[in-house]
Amino acid sequence: MNRLGPTDSNLSLDADSALSDPAAMIAQPYQLYVERTDVTKNMARYYAMSIEPTLFGETCLVRRWGRIGAGGQRMVHHFRREEEAVELFLELLRKKRSRGYRPSLPFR
């Protein structure tokens, strides 16, 4: 155990300091998984998004999409503020809903 007094870090690992640091954690988890299927068109697509913190205190929006059962593609957007990531998250959600993507039904 390191018992040295002062540290050279600007950020402390104490619980109290995490509350005052705006980039410490995501305020609310944002995750989405939707699917769009049409048997007549042989269409089975998925779209997933999540807002996650980076190791450097920024916020990123991770998007994944493709054919259900396949690896698909991935794109990551980096933001300085969580609010910017949430704005893009909600905008993309509206677009996907308008194109027919819906939450998947649980297996029975």
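This is a predicted model: local features need pLDDT of at least 70, side-chain atom pairs count only at pLDDT 80 or more; totals for chains, interfaces and linings use all residues.

Visitor: Does Phe79 count as buried or exposed?

Guide: The cut-off for buried is under 20% relative accessible area. Phe79 has a relative accessibility of 15%, so this residue counts as buried.

Visitor: What distance separates the C-alpha atoms of Phe79 and Thr59?

Guide: Along the chain, these two residues are 20 residues apart. Thr59 is also among the contacts of Phe79. Their C-alpha atoms are separated by 5.2 Å.

Visitor: How many bridges join strand 3 to strand 4?

Guide: Strand 3 covers residues 59-67 and strand 4 covers residues 73-79, and the two run antiparallel. They form a hairpin with 5 residues between them, and Gly69 in the turn has a positive phi of about 95°. Within the pairing, Val62 stands opposite Val76. The number of bridges joining the two strands is 7.

Visitor: Which element gives the most to the largest nonpolar core?

Guide: That core has 14 residues, and Tyr47, Met49, Ile51, Leu61 and Phe89 have the most contacts inside it. Strand 1 (30-38), strand 2 (43-53) and helix 2 (82-98) each supply at least two of its residues. With 4 residues, the element that gives the most is helix 2.

Visitor: What is the angle between the planes of Tyr30 and Phe89?

Guide: A search of the whole structure finds 4 aromatic pairs. One of them is Tyr30 with Phe89, at 5.6 Å centre to centre. This pair links distant parts of the chain, with Tyr30 in strand 1 and Phe89 in helix 2, 59 residues apart. The arrangement is edge-to-face, and the angle between the planes is 65°.

Visitor: How many residues apart in sequence are the parts that Tyr47 and Tyr101 tie together?

Guide: Tyr47 and Tyr101 form an edge-to-face pair, at 6.3 Å centre to centre. Both residues are buried. Tyr47 lies in strand 2 and Tyr101 in the loop between helix 2 and strand 5 (102-103), so the parts tied together are apart in sequence by 54 residues.

Visitor: Which residue lies over the face of Tyr47?

Guide: Tyr47 belongs to one aromatic cluster with Trp65 and Tyr101. A charged residue also sits over the face of its ring, at 4.4 Å from the ring centre, and that residue is Lys96.

Visitor: Which salt bridge partner does Lys95 have?

Guide: The count comes to 2 salt bridges, and one of them, at 3.3 Å from N to O, joins Glu83 and Arg81. Lys95 is partly exposed, with a relative accessible area of 45%. The N to O distance is 3.5 Å, and the partner is Glu91.

Key. Residues are numbered from 1 along each chain as its sequence is written. Side-chain values use heavy atoms; hydrogens and water are left out. A nonpolar core is a set of buried Ala, Val, Leu, Ile, Met, Phe, Trp, Tyr and Cys residues joined through side-chain atoms within 4.5 Å. Buried means under 20% relative accessible area, exposed over 50%, partly exposed in between (1.4 Å probe, protein chains only). Two strands pair if DSSP finds at least two bridges between them. Contact means heavy atoms within 4.5 Å. Rings of Phe, Tyr and Trp (its six-membered ring) pair if their centres lie within 6.5 Å; planes under 30 degrees apart count as stacked, over 60 as edge-to-face and the rest as tilted. A charge sits over a ring if NZ of Lys or CZ of Arg is within 6 Å of the ring centre and within 35 degrees of the ring normal. A salt bridge is a side-chain nitrogen of Lys or Arg within 4 Å of a carboxyl oxygen of Asp or Glu. Lists of a residue's contacts leave out its neighbours within four places in sequence.
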